[in-house]
Amino acid sequence: MSAQDGADRLMRIAVIVVNYGTAALSIKAVQSVLARQHGNRSVCVHVVDNASPGADAAALSRAHKENGWGDAVTLWLETENHGFGRGNNVALDVLRGQETPPDAVFLLNPDAQLENDAIDILARALEANPKAAAAGSQVCRPDGTPVTAAFRFPGPINEVVRITNLSVLWRLARPRLAYLPPEHPAGPVDWVSGSSVMFRFAALQKTGFFDPGFFLYYEEVDLMRRLGRAGWGVLFVPQAQVLHEEGSATGLLKRQEGRQRDPAYMYQSWAHYFERAYGRAGALAIAASMWGAACVNVLHRRLRGHEPSLPSHFFADHWRYVLRPLLWRGAAQR
């Protein structure tokens, strides 16, 4: 759709919320969408429950009835936990099969809520920039403090600095790191936070939806990398505001309290992304360099009388879920 088309006809938006164990937050997220007019756009909501434990499916069904959501909200109560990307694909596949698919889809985390007319603001950004396939909002903590929501694609330097975790390296490598500052200005970026992002549906249909090889983490980075390689742009639009209770949906904040063990899928998603982006040999080289960085982390922290800042069982898990699979696939291919 051209910018002129956008001026003649407003984009029709489908909102997707993927829930897992956060029914109360998902209901608030849906309500924050339904409470706004979105510039008089046609907006529908799809809530995908990823086979949540407990009574989430019943709570969502009850909220649908008690709040009178009607045709404005469609529930997809799954019997399998698909993860983030494949969970979104459940709704995306249905939308693709419709006689008139939406012009754009807006992905909203279950632990996020619209703070302003973010959907209308992001849609207007896409309407005004026909070569952009995605537009992401500013993400803020519940107290209104902005957090990083725009990024460069991660590369070898970023991963070594992240694992080494030395302040001097963070400062020296800042221009090459993936994390852009929270106050980054509006404009083109490599990728934006998947917690609040709008995609042009036609671009997704051409490039493909989320790679089902990811369970959680890196799936939106990979999708925007593929869009970029296909010639599409990604916009950061900080005028659009979303509040995010970061980590509530994944439990990440709990894992950050002390040296907790990261789940296997974090390592597996890392390996899958870097193999797709850099090839198997490149992913192996980066993964190997991270072991050296991890050793520096341990030595430096121990000398200062502190525990390493690595996840618990890092070396064993990194070998099991990253290095060994990459090496095994390479040996199997010879």
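**Figure 1. Ser 195 is a buried residue in this predicted model.** Its relative accessibility is 5%, and because buried means under 20% relative accessible area, Ser 195 counts as buried. Ser 195 is placed in the loop that runs between strands β10 (191–192) and β11 (196–200). A polar contact of 2.7 Å joins the side chain of Ser 195 to the side chain of Ser 193. Leaving aside residues up to four places away in sequence, Ser 195 touches Leu 107, Leu 108, Asn 109, Ala 112, Val 139 and His 244.

**Figure 2. Arg 176 is an exposed residue in a loop.** The loop in question lies between helix α7 (167–172) and strand β9 (187–189). Arg 176 has a relative accessible area of 57%; since exposed means over 50%, Arg 176 counts as exposed. Residues up to four places away in sequence not being counted, Arg 176 touches Arg 152 and Ile 157. Between the C-alpha atoms of Arg 176 and Gly 155 the separation is 8.4 Å, while the two residues are 21 residues apart along the chain.

**Figure 3. The largest nonpolar core contains 59 residues.** In soluble globular proteins, nonpolar side chains tend to be buried together. Within this core, the residues that touch the most other members are Leu 92, Val 105, Phe 199, Leu 204, Leu 227 and Trp 270. The greatest contribution comes from helix α11 (residues 264–303), which supplies 13 residues.

**Figure 4. Helices α6 and α11 pack against each other.** Helix α6 comprises residues 156–164, and its axis lies 8 Å from that of α11, at an angle of about 35°. The crossing of these two helices is right-handed. On the α6 side, the residues in contact are Pro 156, Glu 159, Val 160, Arg 162, Ile 163 and Thr 164. Their partners in α11 include Trp 270, Phe 274, Tyr 278, Ile 286 and Met 290. Trp 270 also belongs to the largest nonpolar core.

Figure 5. The chain as a whole averages a pLDDT of 93, and 92% of the residues score at least 70.

Conventions:
Residues numbered from 1 in each chain as written. Predicted model: local features only at pLDDT ≥ 70, side-chain atom pairs only at ≥ 80, totals over all residues. Heavy atoms only, no water. Core = buried A, V, L, I, M, F, W, Y, C linked by side-chain atoms within 4.5 Å. Buried < 20%, exposed > 50% of the residue type's maximum accessible area, 1.4 Å probe, protein only. Helix = DSSP H or I, 4+ residues; strand = E, 2+ residues; numbered from the N terminus. pLDDT = per-residue confidence, 0-100. Polar contact = N/O pair within 3.5 Å; in protein donor to acceptor, adjacent residues only side chain to side chain. Contact = heavy atoms within 4.5 Å. Axes fitted to C-alpha atoms, helices over the stretch in contact; angles between N-to-C directions. Left-handed = near helix turned anticlockwise from the far one by under 90°.
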